[in-house]
Structure formats: structure tokens, C-alpha cells
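Okay, thanks for coming, everyone. Let me put the structure up on the screen and then walk you through it.

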Amino acid sequence: MNIIELASLNAYYGSKKILNNINMKIMKNKITAIIGPSGCGKSTLLAALNRMLEESDGKVHGGIIFDGKDIFSYSKEDIRKRIGIVFQKPAPFPMSIYKNLTYAPIYYGTRDRKKLDEIVKNKLQVSGLLEEVKNDLNMSALKLSGGQQQRLCIARALTVEPEVLLLDEPCSALDVKNTANIEEMLLRLSENYTIIIVTHNLQQAKRISDYTAFILDGELIEYDETEKIFNSPDDKRTREYIEGIYG
Ligand SMILES: Nc1ncnc2c1ncn2[C@@H]1O[C@H](COP(=O)(O)OP(=O)(O)O)[C@@H](O)[C@H]1O
Ligand SMILES: [Mg+2]
């Protein structure tokens, strides 16, 4: 079943066209990887999906259907609650671990202390951080290691119970061990969430994603099951990229 459908999606910064006629269906509760050379439009595509593009003066023409309705028929607030985003560089709020995780729930109206405690515990658990930080919940999140900060940011994105999680190169600043932690976490999360991950790490796409989309110069060159993209792509350009010939 698909949760998001892109129908002739075009995206622009000013008069510059960044994405050209993208058509794709994103499958629910699967991991979809977006790959392609730097500057091809991967981040632009993610930002279009939860209407962050508007904040950097980007524009979208064409359809983005989420859960059966055009994304512009939802409020920005609603769409960003249902489609969360996590960026490359972990950016915890400069406050305690506990407050990082209760910030959004409080904003959206949860006041009950027990309920908040439960959210904190649950999200730390799914992000694999609970054992590491359970005695330091009042410590500043900025004191965590880079890998822990990124897991906290993913946990924080989950505190408002989004249905879709967008991740823009979440591991590019992390070492192998922290990357493995995040990958394990994403595989666990994919049972309950739809995950779209931009990655320049082809091995990562291969390891964790169900579907892979290859973008080149703003065009969707090929989109298929990850297995197919990596083993027998239809397009010569996909094969060349996978083999590391360019990008
Ligand atoms: N805020 C912006 N204003 C104008 N152009 C931008 C902006 N952000 C990105 N671009 C341009 O859009 C193109 C695609 O960028 P991006 O989506 O960030 O690529 P990727 O994530 O694949 O590296 C690039 O040519 C980039 O220079
Ligand atoms: Mg990018």
C-alpha cells in the first residue's frame, strides 16, 4: 500500500527548476532510500514532502498526495506532525535530554507528567538510548556523543507520533559503529513507520532499504526494489552510479 504519491512533481528555487516530473509511490511501513550525486535534488525532494521547501523559498508544482489528499490541503503544522524530518547534522535543543523529548508533546498539548514520562521512556527505548542515558535525563543533550545526539534527534521526531519519517543523510557525520546503531534502529522502526532516507552511502541503502530511487539532475532515473536496483538495474546510468563511475 502506498502512503505518498508524487504525480508529475516539479520543484523550483526561484526560476531554477530543481526536480523535473517526478512520479513515484512511497510504500507504507517500508524503507525507501533516495540516492544520487551531490546536488541532484535529494534534499529538495525530502523538503517538498513535508512542506519545508516553502521555508527556503522553494516552490512545488504538481501533486504530492499524502494519505489520499493533496499535501496543500493540510495545514503546515498538521503535515509536519504527520511527516517528521531529521537532518544530517544532529541538532538537539540546548536543553536536557528529557526536555528535548517532551518539547513537542507539550507544544501539542500533553501536560500530564506521567504521560510525558512514558513518552520519554518509550522513545528512548525505540531509539536504543534508554540504557545509555536513563540516569542522565536531566543532563544537557549537548553532552551526548554525536551518534547519541542523532539517535536522540530521531527519538525526538517520533515523540509526536508521525507516520512518515524523513531522514536526510542522518549518518554522514557518524562513524561505523554509530551508523550501525542507527541502521538497526531504522530497521526496527520500519515495522511501524514509513521511512524515507537520503543517503550517499550506497552500502547503507543496500543494507536497510526495501526500495531505492536513483535521482540524477533532478530526474528520477529509476525506482524499484532495492535488490533490483543494485543487482540488475534497467538504466545504464543507474548501473554506472552503483558501480561508482560517477557521483
Ligand atoms: N535554498 C536554495 N536556494 C537556491 N538553490 C538551492 C537551494 N537549496 C538547494 N539549491 C540548489 O538545488 C539543487 C539541488 O540541491 P539539493 O536538493 O540540496 O541536492 P542534494 O541534496 O541531492 O545534494 C542544487 O543545484 C542546489 O544548489
Ligand atoms: Mg542534500
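**A walk through the model**

Let's start with one pair: Glu5 stands opposite Lys25 in β2. This is a predicted model, where local features need pLDDT of at least 70, side-chain atom pairs count only at pLDDT 80 or more, and totals for chains, interfaces and linings use all residues. On bookkeeping, residues are numbered from 1 along each chain as its sequence is written, while chains are lettered from A and ligands numbered from 1 in the order in which they are written.

So, the sheet that pair belongs to. Strand β1 covers residues 2–13 and strand β2 covers residues 16–27; they run antiparallel, with eight bridges joining them. When I say strand, I mean a DSSP run of E with at least two residues, and a helix is a run of H or I with at least four, numbered from the N terminus. Two strands pair if DSSP finds at least two bridges between them. The hairpin of β1 and β2 has two residues between the strands, and Gly14 there takes a positive phi near 60°.

β1 also has eight bridges to strand β4, residues 58–66, again antiparallel. Tyr12 stands opposite Lys59 in β4, and the bridge partner of Tyr13 in β4 is Gly58. What is the order of the strands in this open sheet? It goes β2-β1-β4-β5, four strands with antiparallel pairing. The edge strands are β2 and β5 (69–70), each pairing on one side only.

Now zoom out. The chain has 10 helices and 10 strands. With 247 residues, a compact globule would have a radius of gyration near 18 Å, and the chain has 18 Å, so that agrees. For the record, that radius is taken over C-alpha atoms, and the globule rule is 2.2 Å times the number of residues to the power 0.38. Along its principal axes, the C-alpha trace spans about 55 × 40 × 35 Å.

How much of the chain is buried? Buried residues make up 41% of the 247. A residue is buried if 20 or more other C-beta atoms lie within 10 Å of its own, exposed if 12 or fewer, and partly exposed in between, with C-beta atoms placed from the backbone. On contacts, meaning C-beta atoms, placed from the backbone, within 7 Å: among those between residues at least 6 apart in sequence, 69% join residues at least 24 apart.

On to the core. In soluble globular proteins, nonpolar side chains tend to be buried together. A nonpolar core here is a set of buried Ala, Val, Leu, Ile, Met, Phe, Trp, Tyr and Cys residues joined through C-beta atoms within 7 Å. The largest one has 66 residues, and Ala48 and Ile64 touch the most other members. Helix α6 (residues 146–158) gives the most to this core, with six residues. Not counting residues up to four places away in sequence, Ala48 touches Leu9, Ala11, Leu53, Val60 and Ile64.

Ala48 is one of the buried residues of α1, and that helix is mostly covered, with eight of its eight residues buried. After α1 comes Arg51, whose phi is positive, near 65°.

α1 matters for the next bit, the ligand. Which helix gives the largest share of the shell around ligand 1? That's α1 (residues 42–49), with three residues. The residues surrounding ligand 1 include Tyr13, Ile18, Lys42, Ser43 and Thr44; to be in the shell, a residue needs its C-beta atom, placed from the backbone, within 6 Å of the molecule. By class, the shell has three nonpolar, seven polar and one charged residues. Ala, Val, Leu, Ile, Met, Phe, Trp, Tyr, Cys and Pro count as nonpolar, Asp, Glu, Lys and Arg as charged, and the others, Gly among them, as polar.

Glu161, in the loop between α6 and β7 (164–168), has a positive phi near 55° without being a glycine. Glu161 has 15 other C-beta atoms within 10 Å, so it is partly exposed. Glu169, in the loop between β7 and α7 (176–189), also isn't a glycine, and its phi is positive at about 45°. Buried or exposed? Glu169 is buried, because 20 other C-beta atoms lie within 10 Å.

Technical notes:
Contact = placed C-beta atoms within 7 Å.
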